[in-house]
Amino acid sequence: PGSVMDFLSAENVCGQTLLRLVSRGNAIIAELLRLSDFIPPVFRLETREDREKYEAILPDFSYFRNQDLYDQRIDTTPELQEKDEEFRENHIEILTRFYRAFESVHTYVTDLNRFLEDLDEGVYIQQTLETVIFNEDGKQLMCESLFLYGVMLLVTDMKIEGNVRERMLIAYHRYRGSRWTAMWTDR
């Protein structure tokens, strides 16, 4: 194991990779917290007026069980088509930001797992999980990287209710297409 300076030096690809990952994790949490203050109330469907007006165009994950039925109902009802188009125009920007934040959590854990696999497979010359954890900065960053993922999940769960997340993801999927479906349904 090298000295403390070695792990965080610009030449240490392993240390720099982990440092960038932790930095990105903090940025993701900040964005989730920012966004959680700007959830359009309509996604909660709390009022009778919102339910009557938007329930037909804001399904939860049950949409995937009867996708054709939902889409056909909207496509064949001019009033729903108009509401749906207006809703898309008014909310696509915030939906895109939420989607990107959710996607970044998925990308973060995928990259963290890839980093651990690379460490295990010897991609980082003279670095193993043991040498990283033996190093004070390495140990700190390894713990922090896992901790940050847990915080991302907790912030998402506590600040953005499950049914709201589902409605947002389905709306994004309906308005932006199949990229979302491939990533989330192939698990």
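This is a predicted model: local features need pLDDT of at least 70, side-chain atom pairs count only at pLDDT 80 or more; totals for chains, interfaces and linings use all residues.

Modeller: Residues are numbered from 1 along each chain as its sequence is written, and side-chain values use heavy atoms, with hydrogens and water left out.

Colleague: How many helices and strands are there in the protein chain?

Modeller: The protein chain has 9 helices and 0 strands, where helices (H or I, at least four residues) and strands (E, at least two) are DSSP runs numbered from the N terminus.

Colleague: What makes the protein chain more spread out than a compact globule?

Modeller: Its radius of gyration is 21 Å, well over the 16 Å that the globule rule gives for 187 residues, so the protein chain is more spread out than a compact globule. The radius is taken over C-alpha atoms, and the rule is 2.2 Å times the number of residues to the power 0.38.

Colleague: Why is Leu45 called buried?

Modeller: Buried means under 20% relative accessible area, exposed over 50%, and partly exposed in between (1.4 Å probe, protein chains only). Leu45 has 6%, so Leu45 is buried. Leu45 sits in the loop between helix H2 (13–36) and helix H3 (48–54).

Colleague: And why does Gln126 count as exposed?

Modeller: The relative accessibility of Gln126 is 74%, so Gln126 counts as exposed. Its place is the loop between helix H5 (78–120) and helix H6 (129–134).

Colleague: What is the phi of Gln126?

Modeller: Gln126 has a positive phi of about 65 degrees, although it is not a glycine. Most residues other than glycine have a negative phi.
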